[in-house]
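Here is a short note for someone opening this structure for the first time.

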Amino acid sequence: MKAKAKKKKTLAQKNAIAGYLFILPFIIGFLAFLAYPMIESLVMSFCNVTVGNGGFTMKFNGIANFKKAFMIDPEFNRLMTESITGMLYKVPATLIFSFFIALLLNQDFKGRGVVRAIFFLPVILSSGVIVGLEYNNTLLQGMEDLVKESGSNSSITATLEAILDTGGVGSRFFGYVFEILDSVYDIAIGAGIQIIIFLSGLQTISDSMYEAAKIEGCTAWESFWKITFPMVSSLILVNIVYSIIDFLIRTDNEVMEKINEAMSMQMDYGFSSAMAWSYFVCVMAIVGVVSLIISKKVYYYE
């Protein structure tokens with residue numbers, strides 16, 4: 001009898017194999033270097049950890065560390081609430097800014113390469129050294145204080161904020177708007193990856209689709225909502241997930257600073273582990289809910 005012909009893999013199976021090969025280095029690195037420390041920190045969150053000459057000594061104390069984080073500590077709940085609240089309006093602002101810049105950089109104009117390089121510099125320079133210089137450089141801090149002191153005490157933005165912030169119904173909304181305006185620098189610095197992702201998606205859209213739409217009488221506004229936006233909707237989901245995680249775990253996040261302080265300064269490993277795992281579960285829950293909601297509106301095409 002003839003041997004049965006080997007069943008060929010489908011395109012979806014080939015793409016899945018290629019995807020797993022791409023993330024294989026991360027999987028190996030996670031299992032080799034991160035899996036055990038994560039399990040150990042989870043165990044520490046349920047223990048009273050003391051440090052001695054022989055290493056760590058862990059004594060099980062149930063959920064006492066979690067009670068301390070949520071019911072005794074005066075700052076953890078407040079910092080976590082402020083961090084999540086800030087994420088709710090800063091992440092959309094970052095996505096809108098990055099999408100708008102990607103649309104501009106996708107246009108054909110002179111000096112496009114230079115302009116792209118300017119917007120991609122934050123990504124290239126976002127190493128630990130540059131970040132440390134940005135946040136710990138006393139010279140830059142002194143220059144910033146000098147600019148603030150030499151500037152006018154009554155700027156246009158401050159005057160406009162005083163006029164609009166009348167304590168009425170829209171006062172909180174205007175407060176969020178002005179906080180976003182004050183964070184334009186941070187938004188621009190943190191939007192480099194999102195711009196690259198959006199730009200890569202825009203460049204995959206065929207020009208023939210826009211030509212056909214123009215022949216049919218579509219305006220640029222209609223082409224944007226009928227062609228551009230649906231075709232990059234899957235990348236919007238990717239950027240939202242990335243932006244949420246990036247905002248909530250960045251080095252200057254106050255929750256992360258508190259966790260690091262409890263671990264490195266107070267040497268309270270059990271308490272810091274409990275806060276870290278509580279924050280981790282909260283971040284994953286937010287990412288899961290947002291992904292579930294937005295994935296239903298995402299348009300996938302072949």
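1. A cut-off comes before anything else. A residue counts as buried under 20% relative accessible area, as exposed over 50%, and as partly exposed in between. Glu82 has a relative accessible area of 41%, so Glu82 is partly exposed. Arg78 also has 41%, and is therefore partly exposed. Please note that the model is predicted.

2. Now the overall picture. The protein has 15 helices and 2 strands. There are 302 residues, and buried ones make up 28% of them. Take the contacts with a separation of 6 or more: residues 24 or more positions apart account for 66% of these.

3. How many salt bridges does the structure hold? The count is 4. One of them joins the side chains of Glu82 and Arg78, at 3.3 Å from N to O. Both residues sit in helix α3. They are 4 residues apart, which is about one turn of the helix.

4. Lys258 deserves a look of its own. Its relative accessibility is 14%, and the limit for buried is under 20%, so Lys258 counts as buried. Asp73 is buried too. These two form a salt bridge, with the closest N and O atoms 3.2 Å apart. The pair links distant parts of the chain. Asp73 is in the loop between α2 (64-72) and α3 (76-105), while Lys258 is in helix α14, and 185 residues separate them.

5. Lys258 has another partner. Glu75 forms a salt bridge with Lys258, the closest N and O atoms being 3.4 Å apart. Glu75 lies in the loop between α2 and α3 and Lys258 in helix α14, so this pair ties together parts that are 183 residues apart in sequence. Glu75 is at 35% relative accessibility and therefore counts as partly exposed. Through shared partners, salt bridges join Asp73, Glu75 and Lys258 into one network.

6. Stay in helix α14. This helix covers residues 254-264, and Glu257 lies in it. Is Glu257 buried or partly exposed? Its relative accessible area is 42%, so Glu257 is partly exposed. Leaving out residues up to four places away in sequence, Glu257 touches Thr251 and Asp252.

7. Move on to the loop between α14 and α15, where Met267 is placed. Check the backbone here. Phi of Met267 is near 60 degrees, a positive value in a residue other than glycine. Met267 has a relative accessible area of 38%, so this residue is partly exposed.

8. Next, a helix pair. Helix α1 (residues 11-44) packs with helix α15 (residues 269-295) at an angle of about 110 degrees, and their axes are 7 Å apart. Angles of 65 to 115 degrees count as roughly perpendicular, so α1 is roughly perpendicular to α15. The crossing of α1 and α15 is left-handed.

9. Which residues of α1 and α15 meet? From α1 come Met38, Ser41, Leu42 and Met44. From α15 come Tyr269, Gly270, Ser273 and Trp277. By class, the contact of α1 with α15 has 5 nonpolar and 3 polar residues, and no charged ones.

10. Compare another pair. Helix α11 (residues 207-215) and α12 pack at an angle of about 160 degrees, with axes 10 Å apart. Angles over 145 degrees count as roughly antiparallel, so α11 is roughly antiparallel to α12. Here the crossing is right-handed. Met209, Tyr210 and Ala213 of α11 make the contact with Ser223, Ile227, Thr228 and Met231 of α12. By class, the contact of α11 with α12 has 5 nonpolar, 2 polar and no charged residues.

11. Finish with one residue from that contact. Thr228 is found in helix α12 (residues 220-231). Is Thr228 buried or exposed? At 5% relative accessibility, under the 20% limit, Thr228 counts as buried. Setting aside residues up to four places away in sequence, Thr228 touches Phe99, Leu103, Leu202, Ile205, Tyr210 and Ser223. Tyr210 belongs to α11, and both Ser223 and Thr228 belong to α12.

Conventions:
Residues are numbered from 1 along each chain as its sequence is written. This is a predicted model: local features need pLDDT of at least 70, side-chain atom pairs count only at pLDDT 80 or more; totals for chains, interfaces and linings use all residues. Side-chain values use heavy atoms; hydrogens and water are left out. Buried means under 20% relative accessible area, exposed over 50%, partly exposed in between (1.4 Å probe, protein chains only). Contact means heavy atoms within 4.5 Å. Axes are lines fitted to C-alpha atoms, for helices over the stretch in contact, and angles run from 0 to 180 degrees between N-to-C directions. Angles under 35 degrees count as roughly parallel, over 145 as roughly antiparallel, 65 to 115 as roughly perpendicular and the rest as oblique. A crossing is left-handed if the near helix is turned anticlockwise from the far one by less than a right angle, and right-handed if clockwise. Ala, Val, Leu, Ile, Met, Phe, Trp, Tyr, Cys and Pro count as nonpolar, Asp, Glu, Lys and Arg as charged, and the others, Gly among them, as polar.
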